[in-house]
Amino acid sequence: CTGNGICKCRVCECFPNFTGSACDCSLDTFPCMASNGQICNGRGTCECGTCNCTDPKFQGPTCEMCQTCLGVCAEHKDCVQCRAFDKGEKKETCSQECMHFNMTRVESRDKLPQPGQPDPLSHCKEKDVDDCWFYFTYSVNSNGEANVHVVE
């Protein structure tokens with residue numbers, strides 16, 4: 001019974017939190033907990049303490065790795081561009097699609113938030129529609145609010 005139960009008459013009687021004919025299936029979901037607090041990142045099922053990812057783009061022990069997904073910077077580039085500079089692909093739909101973050105303008109790159117703050121922070125350098133670089137940071141605070149700081 002793999003040490004997780006007692007064998008009685010050639011049948012395993014499993015201890016609590018274990019199941020299966022050999023008590024080899026843990027019902028503990030803690031190993032499946034993703035960094036966002038969801039089981040298998042909300043993209044899979046926890047089976048015997050292991051994630052079975054149901055979304056084929058996601059893999060890894062907690063279904064958090066995505067090789068083909070856009071990074072935070074590329075994902076938010078168009079919205080930052082239209083909010084800060086009133087241009088880009090989302091210029092016409094900016095007020096509908098791009099109000100999901102708080103935006104703060106800063107004078108220069110050295111005024112952007114720096115690593116070491118409590119919220120996870122991404123530093124971004126993206127090209128705009130005029131082939132110029134623009135710089136911003138993207139962070140999410142403990143209340144789930146997204147904050148963008150963009151260089152004017």
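This is a predicted model: local features need pLDDT of at least 70, side-chain atom pairs count only at pLDDT 80 or more; totals for chains, interfaces and linings use all residues.
**Entry 1: Thr 29**

Thr 29 sits in the loop between β4 (25-26) and β5 (44-47).

**Entry 2: helix α1**

Next I took α1 and its length. At 1.5 Å a residue, the 14 residues of α1 should span 20 Å, and I find 19 Å between the end C-alpha atoms, which agrees. I then looked for a bend and found one of about 40° at Asp 78. Just after α1, I noted a positive phi of about 55° at Asp 86.

Which residues of α1 are buried? My list reads Cys 73, His 76, Asp 78, Cys 79, Val 80, Gln 81, Cys 82 and Ala 84. These buried residues pack against α2 (94-97), β9 (101-106), β10 (121-127), β11 and β12.

**Entry 3: the sheet**

I traced an open sheet of four strands, in the order β9-β12-β11-β10, with mixed pairing. β9 and β10 stand at the edges with a single partner strand each, so one side of each has no neighbour in the sheet. Neighbouring strands are turned by 25° against each other on average, direction ignored.

I went through one pair more carefully. β11 and β12 pair in the antiparallel sense, over five bridges. Ser 139 stands opposite Asn 147 in β12. I then placed the helix: α1 packs on the sheet and touches β9, β10, β11 and β12. The direction of α1 makes about 110° with that of β11.

**Entry 4: nonpolar cores**

I turned to the largest nonpolar core, which has 15 residues. Which members touch the most others? I read off Val 80, Cys 98, Phe 101, Phe 136, Val 148 and Val 150. α1 (72-85), β11 (133-140) and β12 (146-151) each supply at least two residues of this core. α1 gives the most, with five residues.

I listed the contacts of Phe 136, again without residues up to four places away in sequence. They include Cys 73, His 76, Lys 77 and Val 80, as well as Leu 112, Val 148 and Val 150. Apart from this core I found another, of six residues, among them Cys 40, Cys 51, Cys 63 and Cys 66.

Definitions and conventions: Residues are numbered from 1 along each chain as its sequence is written. Side-chain values use heavy atoms; hydrogens and water are left out. A nonpolar core is a set of buried Ala, Val, Leu, Ile, Met, Phe, Trp, Tyr and Cys residues joined through side-chain atoms within 4.5 Å. Buried means under 20% relative accessible area, exposed over 50%, partly exposed in between (1.4 Å probe, protein chains only). Contact means heavy atoms within 4.5 Å. The expected span of a helix is 1.5 Å times one less than its number of residues. The bend at a residue is the angle between axes fitted to the seven residues ending there and the seven starting there. Two strands pair if DSSP finds at least two bridges between them. Axes are lines fitted to C-alpha atoms, for helices over the stretch in contact, and angles run from 0 to 180 degrees between N-to-C directions.
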